[in-house]
Amino acid sequence: MARRREKRSSATENLERRKNRDESKPRDGEPDSDRRLITIFVIFFIVIPIVSMVVYKVKFADRVIETEPSIRQKGIIKTDIHFQEILTEHSKASENSTARHYDYPVLAYITPWNSKGYDMAKIYNSKFTHLSPVWYDLKSSSQGSGLVLEGRHNADKGWIKELRSRGNAMILPRVVLEAVPEELLGKKKLRAKAIKLIVTECKEMEYDGVVLESWSRWAAYGVLHDPDMRKMALQFVKQLGDALHEQHLQFMYVIGPPRSETLQMYDFGPDDLQFLKDSVDGFSLMTYDFSSAQNPGPNAPLKWIDLTLKLLLGSSSSVDSSLARKVLLGINFYGNDFAISGGGGGAITGRDYLALLQKQKPTLHWDKESGEHLFMYRDDKNIKHAVFYPTLMSILLRLENARLWGIGISIWEIGQASLVSG
């Protein structure tokens, strides 16, 4: 975080004027003049800076994220990182697997197609408050006008049991709402059945709740452009949250970031946040995927993140702390490899990234504007690429920003992490 610098020009000018006056005096007055000059020098250039530093530390100490001592000593959290440092350090995890350095809620996603996440969840259980394995889909039945909840075959009871023996992180599987929205939202019985299916699954499998993803699906179907359908969509989310709370279960809801400063009908906005705040325990905000193959660039520019948070929460200096705590800033543990000429490319995992570093031996550049590292290379067909991938410095900046806002974080996803810094 940038620190405000003291403006000392006026002090310097005063000192110069004082010097000029003193030089014009008789020489027998020089001892007193020297003492005055020394006093001024001490006040302006020693005492004031020290006092300012103390005030800064007292006022802003809670905004600085503590990092693991072993990582600080290695000096690898920096902007001028060398590719070899990443190759050397990526497999070395934090020495402290239990203590948390972040005081707000932390949700971590785990995917079946990246099994490393299951191991990371076990080792670092105590660093998370919520763990969400990506297991379930709620779909329209192929046999008629009904619903079916698919995904129990993904559930690993042995893994859940081991998780609970290692820490207190709550287990909230993700459920993606794939059912045809016009049918689901337009029929009261289907809405009730969907809620019953989800709540029953939580009770039978002894989960601590669920993470629901539906808003982006509804937007893709176009139903959120209809004011009546949009109202029913919000009502359904509220009813599900209330039903889960009645069973003492937690409810997280996935929301996407607005794409412009002017909210569109399909955007999830501040009024929606207020409407659902008592029924939802956390809003998993997808502040990543800012760029695409058609528009290459950083994954999650800091200015865009701040704009999104301002649209949802207002000013960081006057935010409702109880509401802000329920917003979980999305942090991506994956990157993007974009072809600059001709378009193309897309997401890459840590394994892909390390292979590129090994092969290309690139120079990493720090983009101060976005707060991300990137490098360029040419592939075997001489096509130029730009690669953006999170580093310890970029992640630290986002953690500090989240701390400033008083919000939680959500990580997609921990199986793709190259190095865990706590």
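I take buried to mean under 20% relative accessible area. The model is predicted, and I read it with that in mind.

**Entry 1**

I started at strand β8, residues 282–285. Gly 282 and Ser 284 point one way from the strand. Phe 283 and Leu 285 point the other way. I found all four of these residues buried.

Next I looked up the pairing. Strand β7, residues 250–255, runs parallel to β8, with 4 bridges between them. Opposite Phe 283 of β8 I found Tyr 253. From β7 the chain passes through α11 to reach β8, and I noted this β-α-β crossover as right-handed.

**Entry 2: helix α8**

Then I listed what α8 hides. Its buried residues are Leu 190, Arg 191, Ala 194, Ile 195, Ile 198, Val 199, Glu 201, Cys 202 and Met 205. They cover an arc of only 165° around the axis, so they sit on the same side of α8. Which residues are exposed on the face turned away from that buried side? I found Lys 188, Lys 189 and Lys 196 there. Just past the helix, Glu 206 has a positive phi of about 60°.

**Entry 3: salt bridges**

I searched the whole structure and got 16 salt bridges. Opposite charges on side chains can pair when the charged atoms come close. I followed up several.

Lys 139 and Glu 150 form one of them, at 3.3 Å from N to O. Lys 139 belongs to strand β2, residues 130–140, and Glu 150 to strand β3, residues 147–150. The two are 11 residues apart. Buried or partly exposed? Lys 139 is partly exposed, at 31% relative accessible area. Glu 150 is partly exposed too, at 35%.

Arg 152 bridges to Glu 201, with the closest N and O atoms 2.8 Å apart. Arg 152 sits in the loop between β3 and α6, and Glu 201 in helix α8, so the pair ties together parts 49 residues apart in sequence. I noted Arg 152 as partly exposed, with a relative accessible area of 38%. Glu 201 comes out at 10%, which makes it buried.

The pair Arg 230 and Asp 272 also has its closest N and O atoms 2.8 Å apart. Asp 272 is buried, at 6%.

I also found a network: Asp 119, Lys 122, Glu 162 and Arg 166 are joined by salt bridges that share partners.

**Entry 4: helix α5**

Lys 122 took me to α5, residues 116–123, where it is one of the buried residues. What do the buried residues of α5 pack against? I found β1 (106–110), β2 and α6.

Note on methods:
Residues are numbered from 1 along each chain as its sequence is written. This is a predicted model: local features need pLDDT of at least 70, side-chain atom pairs count only at pLDDT 80 or more; totals for chains, interfaces and linings use all residues. Side-chain values use heavy atoms; hydrogens and water are left out. Buried means under 20% relative accessible area, exposed over 50%, partly exposed in between (1.4 Å probe, protein chains only). The arc is that of the directions from the helix axis to the C-beta atoms. A salt bridge is a side-chain nitrogen of Lys or Arg within 4 Å of a carboxyl oxygen of Asp or Glu. Contact means heavy atoms within 4.5 Å. Two strands pair if DSSP finds at least two bridges between them. A crossover is right-handed if, with the strands pointing away from the viewer, the path from the first strand over the helix to the second runs clockwise.
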